[in-house]
Amino acid sequence: AGITDIVGGRSGAYESKLADAREVAFRELEQRAEAAGGNAVVGVDIDYEVVGNSMLMVSASGTAVVIE
């Protein structure tokens with residue numbers, strides 16, 4: 001990813017890791033909403049943060065609601 005950042009391009013491996021991390025964050029958000037008694041999540045926000053040189057942190061937040 002570092003080389004493609006320098007020459008300007010896209011890193012398939014980096015994009016794949018981002019997609020995986022996003023899926024995990026959404027899955028956890030769904031599980032927590034269900035545990036809180038909700039059946040949907042509204043106002044979803046997802047943030048990405050690079051930690052150090054090799055770690056990526058993805059966080060997702062939202063409000064659990066009950067839709068009838």
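This is a predicted model: local features need pLDDT of at least 70, side-chain atom pairs count only at pLDDT 80 or more; totals for chains, interfaces and linings use all residues.
Student: What is the secondary structure of the protein?
Tutor: Two helices and two strands, in the order α-α-β-β along the sequence. Helices (H or I, at least four residues) and strands (E, at least two) are DSSP runs, numbered from the N terminus.

Student: How many residues does α2 have, and what does it span?
Tutor: Helix α2 has 24 residues and reaches 35 Å from its first C-alpha to its last. That is close to the 34 Å expected at 1.5 Å a residue. The expected span is 1.5 Å times one less than the number of residues.

Student: Which residues of α2 are buried?
Tutor: L18, A25, L29 and A33. Buried means under 20% relative accessible area, exposed over 50%, partly exposed in between (1.4 Å probe, protein chains only).

Student: What do they pack against?
Tutor: The buried residues of α2 pack against β1 and β2. Contact means heavy atoms within 4.5 Å.

Student: And E23, where is that?
Tutor: E23 lies in helix α2, residues 12-35. E23 is partly exposed, at 43% relative accessible area. Its C-alpha is 10.0 Å from that of A60, which is 37 residues away in sequence.

Student: Switching to the strands. How many bridges join β1 to β2?
Tutor: 10 bridges, and the strands run antiparallel. β1 covers residues 40-51, β2 residues 55-65. Two strands pair if DSSP finds at least two bridges between them.

Student: What stands opposite E49?
Tutor: M57, in β2.

Student: And what is in the turn?
Tutor: Three residues separate the strands of this hairpin. G52 in the turn has a positive phi of about 70°. Just after α2, G37 also takes a positive phi, about 95°.

Student: Which residues form the nonpolar surface patch?
Tutor: Y14, Y48, V50 and L56, with about 350 Å² of accessible area together. V50 sits in strand β1. Patch residues have over 30% relative accessible area and no salt bridge; like charges are joined within 9 Å, nonpolar side chains (Val, Leu, Ile, Met, Phe, Trp, Tyr) within 5 Å. A salt bridge is a side-chain nitrogen of Lys or Arg within 4 Å of a carboxyl oxygen of Asp or Glu. Areas come from the Shrake-Rupley method with a 1.4 Å probe; for residues, only the protein chains shown count as cover.

How values were computed: Residues are numbered from 1 along each chain as its sequence is written. Side-chain values use heavy atoms; hydrogens and water are left out.
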